[in-house]
Number of protein chains: 2
Amino acid sequence: MNREATIYDIAERLNISAATVSRGLKDHPAINKETKKRIAAVAHELGYRSNKFASNLRGQRTHTIGVIVPRLNSLFMSSVLAGIETVVNESGFNILISQSLEQQAKEKSNAITHFNNRVDGLITSLSYETEDFSHFDSFIQKKIPLVFFDRVPDTINATKIVLDNLKAGYEATKHLIGQGCRDIVHITGNLKRNVYRDRLQGYRNALEENGIPFAEHRCISNDLSEQAMADCIHNRIFNVSQLPDALFIANDSSAAFAISILKEQGYRIPQEIAIVGFNNDLISKVTEPAITTVNYPGYQMGQHAARLILNDISGQNDANVSSTVILNPELIIRKSSLKQS
Amino acid sequence: MNREATIYDIAERLNISAATVSRGLKDHPAINKETKKRIAAVAHELGYRSNKFASNLRGQRTHTIGVIVPRLNSLFMSSVLAGIETVVNESGFNILISQSLEQQAKEKSNAITHFNNRVDGLITSLSYETEDFSHFDSFIQKKIPLVFFDRVPDTINATKIVLDNLKAGYEATKHLIGQGCRDIVHITGNLKRNVYRDRLQGYRNALEENGIPFAEHRCISNDLSEQAMADCIHNRIFNVSQLPDALFIANDSSAAFAISILKEQGYRIPQEIAIVGFNNDLISKVTEPAITTVNYPGYQMGQHAARLILNDISGQNDANVSSTVILNPELIIRKSSLKQS
DNA sequence: TTGTATGCGTTATCAG
DNA sequence: CTGATAACGCATACAA
């Protein structure tokens, strides 16, 4: 006997109808307790498992939520996904994860795949590249709930969860100024992405507040890769008139690369150049010196995203009211920025 | 008009039968080319998308492959998944990813979820904890293809992809001996897992070959967490009669933690203690000194795993012949182990 | 080359 | 509290 057991098999064994079995299995209130017990017993005995296709086909629901992230290889993303998973699992949902590898084309094809798989909702953090959002149109048209986290679009009217990047940028810069830095270079990602744009604004606000003029050439935007950091430091930091006294870098691995390069050239950190990173990734704790950074509450972000999308799916909130959740950043001060002590 | 278009809608528009549409859409050879074109045109116009539930229900296939990994937060895992994805996508499959967070219980529930989702195959890398493999029984019974990579079970007869950890352990140790080290401590994970057990064997082989006796207390097994590394180094390295001249540590983040701690205590690396890590994770390049490590070809592992499981699914190979693919390790030498120069 | 008929396993509706 | 029935959308065996 290799065939899958169905509710008919159970029904036959108990001389009741398949409808009753179906109801019994779902703990329908109108079914006799005894009957339920017998159904459960036979189901177990037969190794019955509900056929999701049939159920989905019937119910027009997949109980699956798609997730598109730029990359999986960070503590942050891993935490976000763990957060999402715990929440959605409680409601009997699964998640379908894909990575865009920071490419718009891949993000588009991922979105199409999720759409064709009929996910009940889509949670996304945008790639560096994404400028065109038309791949989300089909979701909007079909009213499939859309939630963005961290790297969110400006133009789409959807639920969003972000860190207060403006505040984070402000705090980080203020901290450096407090350490006596006056010439702070900000190295960041694509300014089309809210996370980088907002941090830059925070940086500018802090400068302004302290009477330090903002200089266009002291903000460098690249793709934050190892190569880009090497180029950037050699061509834009070393080869200019005056060495800055601090670097505020938009993620920890890039900050770690920067530290490597600077130390190689004989610079002392933080004495000559102070460094602040971003994300509180594992790497920030093991460099020499350890990196001052901004904590990213990935697990909470994931949980929030999941709760919001589940609400959307169950239609608990006005489809017209799109909320934005803003989480508070937390500056973690380590040695790479402490000029004072 | 909000309803999804079906093959019936297309059929109606063209005054042909739904069966013809179904066949036309799948490029069935027995359908007129002209008819196919017209079907494709109307399908496009109507925004038709195949209903996977119906199709799966009918075909008893999900075209989905489940993946269970211990954790997502490493370059290695991210690469493996990218490798899997590229291969399976070409064949029209999707992947359903879940993380066990190194817990047996979570791995079990993940496996059950995948089973209930009717994945066509399951790719797994075991958690630290897993000792009982009964959660894979249902897959074996139902003859659902099973592929393991990296951390594989010894007892289950399934397709496996592993790095040659024995060789890697041997090469790493030999390298340290070549640098003049004679008292090498090996810090590793749970020896139930093949990856750690094999590396230990390689380590022992290298010692033996060089006439260095193996000492039980010079092999330390823990969970490789930050806390465990701190405990281990304080209690088993510092507080013993003689300081070792090298540490061979089973992953790069742990090696990075070790370096932090050792430097904090004033030890010079590699002069006093040489370090070799494992995985070639990002972190290994930015510590001071950079860590000598073993490269892990994640992308290839993923591709292999995907190809093998697709073969199993399409029944191209004997179900009885279970193959094991063994990939070659590559030692990457950096400063943390170079006593000579 | 195309059409007809049927079943895949569930669940909602309606009737009892 | 339970049963009969239809419908979800597709893909195939068989017939034409």
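Author: Let's start right at the crossing: H8(A) passes H9(A) in a right-handed way. Keep in mind that this is a predicted model. Helix H8 of chain A covers residues 165-178, and helix H9 of chain A covers residues 194-209. Their axes come within 7 Å and cross at roughly 40 degrees. Angles under 35 degrees would count as roughly parallel, so with this angle H8(A) is oblique to H9(A).

Who does the touching? On the H8(A) side you'll find A:Asn165, A:Leu166, A:Lys167, A:Ala168, A:Gly169, A:Tyr170, A:Thr173, A:Lys174 and A:Ile177. From H9(A) come A:Asn194, A:Val195, A:Asp198, A:Arg199, A:Leu200, A:Gln201, A:Gly202, A:Tyr203, A:Asn205, A:Ala206 and A:Leu207. Sort the residues of this contact by class and you get nine nonpolar, seven polar and four charged.

There's another pair in the chain to set beside it. Helix H10 of chain A, residues 226-238, packs against H11(A) at an angle of about 45 degrees, and the two axes are 9 Å apart. H10(A) and H11(A) are therefore oblique to each other, and the crossing is right-handed here too. For this contact, H10(A) supplies A:Glu226, A:Met229, A:Ala230 and A:Ile233. H11(A) answers with A:Ser254, A:Phe257, A:Ala258 and A:Ile261. By class that's six nonpolar residues, one polar and one charged.

Chain A has 13 helices and 12 strands. Its radius of gyration is 26 Å, well over the 20 Å that the globule rule gives for 341 residues, so chain A is more spread out than a compact globule. Along the principal axes, its C-alpha atoms fill a box of roughly 90 × 40 × 30 Å. Of its 341 residues, 47% count as buried. Take the contacts between residues at least 6 apart in sequence, and 74% of them join residues at least 24 apart.

H11(A) also leads us on to the partner chain. On chain A, 34 residues are in contact with 34 residues of chain B. The elements of chain A that give two or more residues to that side are helix H4 (52-59), helix H5 (75-90), strand E2 (94-99), helix H6 (104-116), helix H11 (252-264) and helix H12 (283-286). The side of chain A that touches chain B is made up of 16 nonpolar, 12 polar and six charged residues.

B:Met77 lies in helix H5 of chain B, residues 75-90. With 24 C-beta neighbours inside 10 Å, B:Met77 counts as buried. Leaving out residues up to four places away in sequence, B:Met77 touches A:Leu72 and A:Asn73 in chain A, and B:Val69, B:Arg71 and B:Leu72 in chain B. B:Met77 and B:Leu101 are 24 residues apart in sequence, and their C-alpha atoms are 13 Å apart in space.

Most residues other than glycine have a negative phi, and most peptide bonds are trans. Phi of A:Leu101, though, is near 50 degrees, a positive value. For A:Glu102 phi is near 65 degrees, again positive. A:Leu101 is partly exposed, with 19 other C-beta atoms within 10 Å, and A:Glu102 is partly exposed with 19 as well. A residue needs 20 or more to count as buried.

The peptide bond from A:Glu288 to A:Pro289 is cis, with omega near 0 degrees. You'll find A:Pro289 in the loop between H12 and strand E10 (293-295) of chain A. In chain B, a cis peptide bond joins B:Glu288 and B:Pro289, with omega about 0 degrees. B:Pro289 sits in the loop between helix H12 (283-286) and strand E10 (293-295) of chain B.

Technical notes:
Residues numbered from 1 in each chain as written. Chains lettered and ligands numbered in written order. Predicted model: local features only at pLDDT ≥ 70, side-chain atom pairs only at ≥ 80, totals over all residues. Helix = DSSP H or I, 4+ residues; strand = E, 2+ residues; numbered from the N terminus. Rg over C-alpha atoms; globule rule 2.2 N^0.38 Å. Buried ≥ 20, exposed ≤ 12 C-beta atoms within 10 Å, placed from the backbone. Contact = placed C-beta atoms within 7 Å. Axes fitted to C-alpha atoms, helices over the stretch in contact; angles between N-to-C directions. Parallel < 35°, antiparallel > 145°, perpendicular 65-115°, else oblique. Left-handed = near helix turned anticlockwise from the far one by under 90°. Nonpolar A, V, L, I, M, F, W, Y, C, P; charged D, E, K, R; others polar.
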